Amino acid sequence: MKKLISLAWKGFRRSSYFQMNLAIRILIILGFIYFGGIALFMGVASFYIIKKAMDVDDPLMIVNSFLIYWFLADLLIRFFMQQLPVMNIKPYLILPFRRRNIIRYLLTRTGVSFFNILPLLFFVPFSIVLLIEGYSIVSTLTWFLSMLCLVFSNNFINFLINKTNAYFYGILAFTVALVLMETYGVFKITEYADDVFSAFYEQPYVVILPLSLLYLTYKLVYNYIRKHFYVDGAISKKAENFSKRDFTWLDRFGKMGFFLKNDLKLITRNVRPRQVVLMSFLFLFYGLIFYTQDIYRDMQGFIAFASIFVTGGFLLSFGQYVPAWDSEYYKLMMSQNISYKKYLESKWSLMTTACFLSFILSIPYIYFGWEIFSMIAGGAAFNIGLNSFITLYGGALNRQPMKLNEKAKAFSNTQAFSPTQLIITIPKLVGPIILFYIPYKIFNYEAGIITLAASGIVGLLLKNQFLNFIEKTYQKGKYKTIAAFDEKQ
Amino acid sequence: MITIDNISKEYNTVEVLNIDHLEIPEGQSFGLVGNNGAGKTTLFSLFLDLIQPTKGKITSHGIVVSESEEWKPFTSAFIDESFLIGYLTAEEYFNFIGELRGRTKEQVDELLSGFKDFFHGEILGQKKYLRDMSKGNQKKVGIVGALIGDPKVIILDEPFANLDPTTQIRLKQLLKKITEERQATILVSSHDLMHVTEVCERIVVLESGKPVKDIKTSEATLKELEAYFAERSEQETESADVVEGSNDEQH
């Protein structure tokens, strides 16, 4: 066990994290401090805030009633973000380690994760506050212990749903059923959940439930790994289920359809792009946050900002990693019979097609009135005509290789992320707001929209010039990019 | 015809390749031999404009490769796995290359039907992505991929490594056939002296980035090469303090 830990430590010390440049490291640490700080602050303050704001005697009750959502959200975020332990077990299989020890070590290691530390940063101070405020010691401890068990149960449940479809669909169906029953008032889980979470405090012996849940999930994961503990098994990267979808129907769209087809395969058959595209789909609903609230109604700058996201979600999230998506086979793309310009143009077409599709999908926003929809349309024009080129240009500066079939890790993975990425984001988001806001202030709302839309059309007219310029930039950095993408991680 | 003029490549002022002049006539099968770090992959990468020459130039069929992209239509290569697209199946990969090279699906299928033996039933019709295939099978896919679209220049780095004995023999037959029919100029590197002497009409030995031998292959070539490397090995044991081929070949 000791040896394994020392090996892991070496692996950690020598990992890319410590070889990353300082700026990124600082960003990661800042991010960690930020979220950690929020959790700590909420842990200490939420008790008093709830007491004050909601005027209740027992804030713990309120917290309890929210916990069910919290744990579900936690599971969801874990599913998308948390990296499962991938361990190169091959060298250990033939060395004198006991399997039991390796698995135990592996499972313990999953415990040391940002996703488990963060909740602790909330629950520990919160429980201390409870004690200070005169809550019973035994009850508070059992409540805290229950939370601890649930957090780590989530940790293991995440492993199960990631590895086995049965668990994934089971839990998905279960959750959907709960939400449906909740909304149609058949069975209000939140009321009962409230009672259950309160019971951890009120009836200390109930703590046996979360404890057994933790034990059960641990055992399930343990058995799963034990059964698959071979080189081709569960914890080595597994060959993915083969998908028959090959998008041949796109062939009829000629050359462009051909590239689109390949990019669709890229997206559907690899973990990382799938993750990014899912996120970009969620951006479609970004407008709902802003359009539904009256405070933003008069803050046109915010409306413009939101509208850029509605149609630009894919462009902003997927597009910023062009050409890193092709980093694994970049040498092929650079030496095959495709000119740099054609290659770039195909990427541009993908992004603009996505923008256009998002725009069509955003038609229901008409519900919020023509004013908002015209803003979305203006934003779409800007995204297609200008943002697409800015994004593509930004890609020339992005030389971080990307592993396609690995999830992005929170705070330990900055693959294909660099400070230049941040800088290039500024014109993408601030640009349209300025384009809209200045004529809006000088003339009127329509003038703002027209300027925004016109900028996009001008961009489209200048397509060739833009692409030529971008191609030159890429050509200049070509050797550097190839070398950077070639670096083993 | 490919001409190398006064080309050199340095990494941090360490010279890893330096060739004054070398001409490869059209249709020749050209073998590159040398120890690790001798500069074989570096030279191939220069042919494909994947790295920038510190000085000098390579001209392929009248096109300076570092100045124009016009060499791409008639050049193909398989250097390493980064020439494969991991999330495609073998068929999809071949069709992808075919499409880039202006070949229809039917033309690609016809070409592939000629490689049934070479594939040994392990490549086509597999419900497997390339990333999940064995190293040897990946190599087969990469080599055949490099033959699609009638290229005039074919560059293969270590094509024999990782292949099973049967496939090695079949690959040799394949390369010989291409040479006999004068379809393309083939550039091959290998550590296996026997294979290269069998396949290539001409063999150049690189050492520390410099060509030290340029042999027209004959009966005696294998012996000559073996003697050369045996001598190298002795010299190195004698003067163990001489550090050889300092730079990583994979650069």
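# Chatting through chains A and B

Reader: Where in the hairpin of β9(B) and β10(B) is there a positive phi?
Author: At B:Ser208, which takes a positive phi near 50°. The hairpin has two residues between its strands. Keep in mind that this is a predicted model.

Reader: OK, and how many bridges join β9 to β10 in chain B?
Author: Six, and the two strands run antiparallel. β9(B) covers residues 202-207 and β10(B) covers residues 210-216. As for who faces whom, B:Arg202 stands opposite B:Lys216 in β10(B).

Reader: What holds strands together in general, anyway?
Author: Strands of a sheet pair through backbone hydrogen bonds, in either a parallel or an antiparallel way.

Reader: How many bridges pair β4(B) with β5(B)?
Author: Two, in the antiparallel sense, with β4 being residues 55-60. In that pairing, B:Ser60 sits opposite B:Ile63 of β5(B).

Reader: Zooming out, how many helices and strands does chain B have?
Author: Eight helices and 10 strands. Its C-alpha trace spans about 55 × 40 × 35 Å along the principal axes, and 45% of its 251 residues count as buried.

Reader: What radius of gyration does chain B have, next to a compact globule?
Author: Chain B has 18 Å, and a compact globule with 251 residues would be near 18 Å, so the two agree. Also, of the contacts in chain B between residues at least 6 apart in sequence, 67% join residues at least 24 apart.

Reader: Switching topic: how many residues of chain B are in contact with chain A?
Author: 27 residues of chain B, against 25 residues of chain A. On the chain B side, helix α2 (residues 90-100) gives the most, with five residues. That side has 15 nonpolar, four polar and eight charged residues.

Reader: And in chain A, how do the axes of α19 and α22 cross?
Author: At roughly 10°, coming within 9 Å of each other. α19(A) and α22(A) are therefore roughly parallel, since angles under 35 degrees count that way.

Reader: Which residues make the contact there?
Author: From α19(A), they are A:Phe389, A:Leu392, A:Tyr393 and A:Ala396. From α22(A), they are A:Phe466, A:Ile470, A:Thr473, A:Tyr474 and A:Gly477. By class, that contact has seven nonpolar residues, two polar and no charged.

Definitions and conventions:
Residues numbered from 1 in each chain as written. Chains lettered and ligands numbered in written order. Predicted model: local features only at pLDDT ≥ 70, side-chain atom pairs only at ≥ 80, totals over all residues. Pairing = 2+ DSSP bridges. Helix = DSSP H or I, 4+ residues; strand = E, 2+ residues; numbered from the N terminus. Axes fitted to C-alpha atoms, helices over the stretch in contact; angles between N-to-C directions. Parallel < 35°, antiparallel > 145°, perpendicular 65-115°, else oblique. Contact = placed C-beta atoms within 7 Å. Nonpolar A, V, L, I, M, F, W, Y, C, P; charged D, E, K, R; others polar. Rg over C-alpha atoms; globule rule 2.2 N^0.38 Å. Buried ≥ 20, exposed ≤ 12 C-beta atoms within 10 Å, placed from the backbone.
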